[in-house]
There are 2 protein chains.
Amino acid sequence: MNEANYYSRDPVPETPEPKQGQDHWVETRVVGQPLPRVDAYQRLSGAAVYPSDVNLPDMLYGAVLRCPHAHARVQSLDATAAEKMPGVRAVLTAASPGADIPWQPESEGPASVLFDSVCRFEGEAVAAVAAATPYQAHDALRAIEVVYDVQPAVSNPLTALEPGAPKVHPEGNSVGEPSTYERGDVNTGFDAADVVVEETFEVPFLLHTPLETHGCVARWEGDKLTIWESTQGVYNVQSQTARALDLPLSHVRVIGHYVGGGFGSKLAIGKYTLIAALLAKKSARPVKVFLSREETFLCVGNRPGGTMRLKAGARRDGTLTALDFEALGSGGAYSPYGTGLFDWQIRDLYHCPNVRTKGQSAYIHAGEESPMRAPGHPQGSWALEQILDGLAEKLGMDPLELRLKNLTTVSQARGDIPYTSTGFKECLEDGAKAFGWAAARARPPAKGAIVRGVGLGGCTWVAGAGGPPSTAIVKYFADGSVNLNLGASDIGTGTKTVMAMGVAEELGVPLERIQIEHADTGTTEFATASGGSKTVPTESPAVRAAALDCKEQLLAMAADDLETAIGELKLEEGEVFSTHDPSKRLAVGEISQFQRRRTVIGVGYRGPNPEGKAVCPFAAQFCEVEVNKLTGEVRVLRFLGAHDSGRVMSRLTYDNQVYGGIVMGIGFGLTERRVLDEKQTGKMVNKNWHDYKIPTALDVPADMVSLPIEIQDLECNTTGAKGLGEPVTIPTAAAIANAVYHATGVRVTEAPINPTRLLELLAAQDERRA
Amino acid sequence: MNEANYYSRDPVPETPEPKQGQDHWVETRVVGQPLPRVDAYQRLSGAAVYPSDVNLPDMLYGAVLRCPHAHARVQSLDATAAEKMPGVRAVLTAASPGADIPWQPESEGPASVLFDSVCRFEGEAVAAVAAATPYQAHDALRAIEVVYDVQPAVSNPLTALEPGAPKVHPEGNSVGEPSTYERGDVNTGFDAADVVVEETFEVPFLLHTPLETHGCVARWEGDKLTIWESTQGVYNVQSQTARALDLPLSHVRVIGHYVGGGFGSKLAIGKYTLIAALLAKKSARPVKVFLSREETFLCVGNRPGGTMRLKAGARRDGTLTALDFEALGSGGAYSPYGTGLFDWQIRDLYHCPNVRTKGQSAYIHAGEESPMRAPGHPQGSWALEQILDGLAEKLGMDPLELRLKNLTTVSQARGDIPYTSTGFKECLEDGAKAFGWAAARARPPAKGAIVRGVGLGGCTWVAGAGGPPSTAIVKYFADGSVNLNLGASDIGTGTKTVMAMGVAEELGVPLERIQIEHADTGTTEFATASGGSKTVPTESPAVRAAALDCKEQLLAMAADDLETAIGELKLEEGEVFSTHDPSKRLAVGEISQFQRRRTVIGVGYRGPNPEGKAVCPFAAQFCEVEVNKLTGEVRVLRFLGAHDSGRVMSRLTYDNQVYGGIVMGIGFGLTERRVLDEKQTGKMVNKNWHDYKIPTALDVPADMVSLPIEIQDLECNTTGAKGLGEPVTIPTAAAIANAVYHATGVRVTEAPINPTRLLELLAAQDERRA
């Protein structure tokens, strides 16, 4: 740990009072502390009302009929019987008035509608029902008679591009031209290389399966609609719903006070949102539509998988000379993104003069992708960080040393603009030191069937800067309590806690006296959705500016009473006092103008990002694994995440992000994979928590360390915080793969590293050695 | 109608852009229009969720056991059986931990506690129960065994002050020294008078019985309490509950989006508020406590009645020389106010150099008073306006002429400070003209049993200025929709509509694009309770200032884009344009800084009231009645209210206030009276809507006219609005009494003028004449 980099606890003498939106915290008393969440009680006691807990009087339950085939045409649909079922209050089909709504609201993919007559993946919505109980709704679904014309399906991007493959869309399965990037000349680079390695990697499609499933409750009052949705962005839901239903924004209120996890899949509305709204309209009753677990596996999105080829060259001293990358993947039946951002780590993490990347995506008969924690990045990292270890081996270098050799302080992918700060070097060095990297690498290999190894991975994240727009309001009340009002969602990451700590810092108010109103389009300001590791860097400067605005007003009022200059006044623990004359002090409640007003309101806006610079977080993760060569099992023994995300705003939520990201990365590295029946039906065979294996407590090491690398970034924004939520999961799987290689000498290029595959590779290794 | 006084529709050329909080609207496009309420659909369709409509999952129903005696001591209480009843989840008695809470929270009357062992009126709370259904709760109440030691009761303020009367409090029944006021010398005044009249008047105790009964729903989350209460002031409920339960303000959130009428009785919390909170705490479930209609008659407050003696002297030309007033009344068992403000009309409405008033109150064994629409004023007006008619008759003057003779432009009761404006003269003159006063008075008396007469009454109102604190926030969103955020309650008077119209005026946004968040301590700013005719004059200047702040920011941003001075820019219908150069125009959405921010927030505070001046509304009401001399029935044929309340902010809500106030005054004048069994039990005999007669549609004339007297008041505040809600009901009953006198020659000094009493007086008149 490099103490010199830790500035936030160092007392700084004579800090001038920061002007709103300009300067930075230097010394902090609250920010950075490991304080419990402000809503911990609510979350733990069950008192928190998540959208799925919202129950309104006379509320109906909606359910969605889904196509059971990977590819089929709806020939006919008869809902007559369903409409007469007990408790049924509304049935919605493609023929219902108002149901002819274009879909998708966000992606630029091929056109579709809410209930499309062509179903392009298992789980496409075909009809919906609202009934008095969920059971009645599901019974009614079964009574809807649908005749499907089942068509052949294609489930794999490789086969999808073969001639004669079943077409997902009339235009074919190719998503336009491949996306390409090039700098320098890779041929020259490879010519200059002393060593070259090349490998093909495969990454699986991973499924979104947050604890709270997707859904909402919709209620109409006249022509005004209120939606309680489990969402990462109430303003996204508001604008997308308003657009789909042709309503003014002011007629759509969206509330999402709690979210049981989103990870990117709740950034946009789902068809369930519009279905709930339409069913509520038709039945003139509030309607709740929350998906079943199986439905979330089928239709709320996934992380694209695919095949990647990466070739890397380096000089004898380790200097990278060329990177050549090619990817083929799919965003499912509708999304054109697919392999987008697969190449970002390759383009931007390590200094390399010659880089070429190419990404191709294909439509397949499978559920659509949706952003999943660091879109594209873990995939690319899986390739890059393994190829670097391959290079290091060929060069006879330590993997850590090779990475340190290729550091950069500019973003080459952005035209060589400098980073406002980069702590990647410290992440690698301090992380390695704290992990005990050198000693672990130096350990002689084990002899028996149980072997151990260590691995590391580095990363950057394309976003994480945050940015405007962000607006916050801070209200200071007569009894010294405070209301913090902001539009952003707290998707479980602690946004409310972090922002309240920022207010507590500036106003000297204890956390328990800060009431937070958030994530409600009716009561808060516009905020972008909470995603992309941008919530803290986006919102915290606005919150700080609002608190400072509030403080400045209070100090100005106090200055009148105390007959002193504002500049010499300080606000601490409900008291304003002069730093020049200790006799001049006043409880906030005694400020005469404040007594009259009883409320002081601070408004804060977030300023623009610095021009001509890149704001990015960096990380290095280190792990140790144990491999049972007889069973192929891999146990992760310990993990350390060294993260440069700028200022640590709240130590507990920070650490939680690191741990959570590592756990998610373990799933990618070791256990998770969507399995489609590619040969026959194209249907998903593991659409439940038994067969789709997310890490459990037993798969996660007890020994997890979060090591913040707190680089002082004076330029990124006025709080110095960079994004954290996504880098924490980018290099995890690759670090595991490197550790497995270190333990066994077997390089697993296909994720996840499951025991069967590992045993096959170990057997092949034995054969080669024999 | 004096057209010269009507300024608001007159186009004024070249109005300079008003600076925030300084100047006045002159020309308005939205303000003043007769626009329907913004929440009309919700209210009419039943979609509006009043606090009594709030139903939470797992909610219990609370019910309160009330003493059935006017005066009793609780000797013992056994709730053992009740606690075991089906569905019962919590029983609360005086012995329950935490129930020992001092009461009253607001009045300065004698001390009591939540469940007092001495019950001083029928309906005092003795215990409470929460159960799964209301029926189970009420069944459980009946199972609570209470042994009462019933004591003699005193129900009348006159007898309460007699020696040997049963004592309400150990200190006796007198509420301290009488309150007195004196200016000039009444003896000198009466000496100078040519005519003197003197009369004794009686006014009844009137009961609060708003459409939505009193109550709340309370829910705890940990140590945080949320209350949905039918209240006129969520911040009152917040602070009083926090104080009673020893919680910080930030731990008590109060929401009161709709209120089914308050009229002063919902300004403070009730015992039901604390009972709901304590039951919810004890049962760990949300608890709803809403009173039955009978309970509201017993315990939510009343308008004090009593006896008044008024003597008035005038010179031959009508000039008042002296007024001498004395009142005896009661605020019930606890309130010391009683006859407070009975004398205000006498002190301040007409110019009179010599005035003496005296008010005495006594405690009686009856429910406590609470403010009821213009506390004290209708009572005093009942005396004053009748005595003036008596004077006029003696002087041979028209009652209108007498009143016009004694106008004043200063508030004598406030030390002769001038009014910022007074339209009393115009109210009288324009009202009389519009009503056809002169012709109606000149009509020869009818011969038969059915006779007609006209009467008038004038008034002022002690409050109605409004004043700080008031804070509002206006948020302008990217799609041109607006959020208006203010803490005040809309108690059915149209506050939301009036304030939204103020925003629409300044920002040029249609009403339907304005979303309003209000009356929620968790999401809004501190606001004083909605009462005392002060909501519009208190809140509208803050709302206007917020809208102007918002506009100024938008114009400043647009000025940057248009490269022009702010001063020449105007905002209209979503467009900013230069008044100098028509080619310079920009849709708000195109302003580049606004595109980045997506939200612009205006904050507005209400400034102080003018120093050394009085801000008061004035009114004159005119009515025509028909009296059936055989049955004693009085029918009100028509009513006209000419009101000077400054600027008319919203014509429909304005008129509604006038009509509603007149209806309430008809109840006072003709039908309403609390009847206690004074001779024996002291209990109320008409605690229901059958026996306590509030006016119905059949009692109200179809011919009601609201005539706004829109005096331009540049000093009162920045919108020019003065209070309206209370003057509308002050002179109504007296005007009816004067009309009855005009029709019959019988002066009814005891309200209400019921047929029995009127027949007695008509018979006595016949005897005198015979």
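In the predicted model, Lys271(A) touches Trp103(A), Val113(A), Leu114(A), Glu124(A) and Ala125(A), when residues up to four places away in sequence are not counted. Lys271(A) belongs to helix α7 of chain A, which covers residues 271–283. The relative accessibility of Lys271(A) is 13%. Because buried means under 20% relative accessible area, Lys271(A) counts as buried.

In chain B, an open sheet is built from 3 strands, arranged in the order β6-β2-β8. The pairing in this sheet is antiparallel. The edge strands are β6, with residues 118–119, and β8, with residues 145–150, and each of these pairs on one side only. Strand β2 of chain B takes in residues 72–78. The pairing of β2 with β6(B) is antiparallel and runs over 2 bridges. In one of the residue pairs, Ala72(B) has Cys119(B) in β6(B) as its bridge partner.

Cis peptide bonds were examined next. In chain A, the bond that joins Ala751(A) and Pro752(A) is cis, with an omega of about -5 degrees. Pro752(A) is placed in the loop between α18 (732–744) and α19 (755–769) of chain A. In chain B, the peptide bond from Ala751(B) to Pro752(B) is also cis, and its omega is near -5 degrees. The loop that holds Pro752(B) runs between α18 (732–744) and α19 (755–769) of chain B.

Backbone phi angles were considered for two further residues, one in each chain. Leu341(A) is not a glycine, yet its phi is positive, at about 70 degrees. This residue, Leu341(A), is found in the loop between β18 (320–329) and α9 (344–348) of chain A. The relative accessible area of Leu341(A) is 32%. Since partly exposed describes values between the buried limit of 20% and the exposed limit of 50%, Leu341(A) is classed as partly exposed.

In chain B, Arg598(B) likewise has a positive phi without being a glycine, and the angle is about 65 degrees. Arg598(B) lies in the loop between α16 and β29 of chain B. Helix α16 covers residues 592–597, and strand β29 covers residues 599–605. Arg598(B) is partly exposed, because its relative accessible area is 32%.

Technical notes. Residues are numbered from 1 along each chain as its sequence is written. Chains are lettered from A and ligands numbered from 1 in the order in which they are written. This is a predicted model: local features need pLDDT of at least 70, side-chain atom pairs count only at pLDDT 80 or more; totals for chains, interfaces and linings use all residues. Side-chain values use heavy atoms; hydrogens and water are left out. Two strands pair if DSSP finds at least two bridges between them. Helices (H or I, at least four residues) and strands (E, at least two) are DSSP runs, numbered from the N terminus. Buried means under 20% relative accessible area, exposed over 50%, partly exposed in between (1.4 Å probe, protein chains only). Contact means heavy atoms within 4.5 Å.
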